Amino acid sequence: MTSPLDARDTQAPAAREADLMARLPRALATALAAPGWVRHLGEVDPKEIASREALARLPVLRKSDLPDLHRAEPPFGGLVPGHPADYARLFASPGPIFEAEGLEPDPWNAARALKAAGFGCGDVVLNTFSYHLTPGGFILDSGARAAGCAVIPAGPGNTEQQLQVIHAYRPSGYTGTPDFLKILLDAADAAGVDASSITKALVSGAAFPPSLQQAFAARGIAGYQAYAVAEVGIVAYETPAREGLVVSEDLIVEIVKPGTGDPVPDGDVGEVVVTSLNSRHPMIRLALGDLSAIMPGPSPCGRTNTRIKGWMGRADQTAKVKGMFVRPEQVAEIGRRHPELHRLRLVITRRDETDAMTLKAEVYGGASELHDAVAATLQAVTKLKGAVELVPQGSLPNDGKIIADERVY
């Protein structure tokens, strides 16, 4: 096991859960000091929200809705308590989505992920995430310094100057996208620059396939990935066990059925929903639009927090059929109206040069008499006719896909 950041990395899961649930009402009360959360959550008593079951009854806030909220009530849509001057840095990500950085030494909780990847005192880190308006550069910069590292604020691009910096400072660590690390290494080879000082990397923002991990390992670089979003910082991070991603401390992560806020059983694929207990800027049930699943048991590396499988695709599977939008929320509504159904999957194809859709539904006990009722509900909810195929329980893939658009034009 790489060095933990602190004792919380290895605390008993029951103690961690008790701490999170004790802090949840305070975080909710802080959020409700902002008018946007009052509008979103409605009448809620924070003292009554002290369990995962109670939290799951609150509505989710979709990350995809933030740009419209921020435009309607700049800068933060009424979702950030206090005044912009109360924060250390202010950002504007594409969308636009506006974010505020807190005053803590590691406001984005990145140090824990860096320590898990082997970073620490004595390391010099080449940070190639952008420092311009978006928070990526500062997320890793503050985390690296909190972990005891010196940071080169390189930002992305400008490969020639990056090689000069590598030659001069001999950084031992890299933070940035995996793609840009490959570009730098290839450029160093072509220019005859020795980049062998880089032996560790924490990457994010792009896919990190096994082939690229192996290519880095062949050069003596141990590369790990982190799952991060601008609203809460590091959500989860990889460890030397390389079995899923460990959830960051101070976060409550739920996996819910796409299009709903309903938690799915552990192991089922669904949408990632995050609640941050940040004392200054909490975030309540933010639906990130990404798919993942809870993994059983603690990590073999010794860290005890919940693990997720990592990024498994996008949850926003909205499709247009015959000029009408069909959304995962509508498929979920069909399931609510027919509790005899288990997993649902709406498959969209082309037939005779026109759109066609088939709702495949797992049925408890093979209740074939449901067919006509489900077909009627499908038409009532989507305003479109479609076929219904009732299938045995367990026959549909557990991949979180609610709408499968299989059209080929």
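Visitor: What makes α7 and α8 contact partners?

Guide: This is a predicted model, and contact here means heavy atoms within 4.5 Å. T159, Q162 and L163 in α7 meet α8 residues, including F180, I183 and L184. By class, the contact has seven nonpolar, two polar and no charged residues.

Visitor: Why is α7 called roughly perpendicular to α8?

Guide: The two helices pack at an angle of about 75°, with axes 10 Å apart. Angles of 65 to 115 degrees count as roughly perpendicular. Therefore α7 is roughly perpendicular to α8.

Visitor: Why is the pairing of D141 and R145 called a salt bridge?

Guide: The cut-off is 4 Å between a side-chain nitrogen and a carboxyl oxygen. The D141 and R145 side chains meet at 2.7 Å, N to O. Both residues sit in helix α6, four residues apart, so about one helical turn separates them.

Visitor: Is D141 buried or exposed, and how do you know?

Guide: Buried means under 20% relative accessible area. D141 has 9%, so D141 counts as buried. R145, at 48%, counts as partly exposed, since exposed means over 50%.

Visitor: How many salt bridges does the structure hold?

Guide: It holds 32.

Methods
Residues numbered from 1 in each chain as written. Predicted model: local features only at pLDDT ≥ 70, side-chain atom pairs only at ≥ 80, totals over all residues. Heavy atoms only, no water. Axes fitted to C-alpha atoms, helices over the stretch in contact; angles between N-to-C directions. Parallel < 35°, antiparallel > 145°, perpendicular 65-115°, else oblique. Nonpolar A, V, L, I, M, F, W, Y, C, P; charged D, E, K, R; others polar. Buried < 20%, exposed > 50% of the residue type's maximum accessible area, 1.4 Å probe, protein only.
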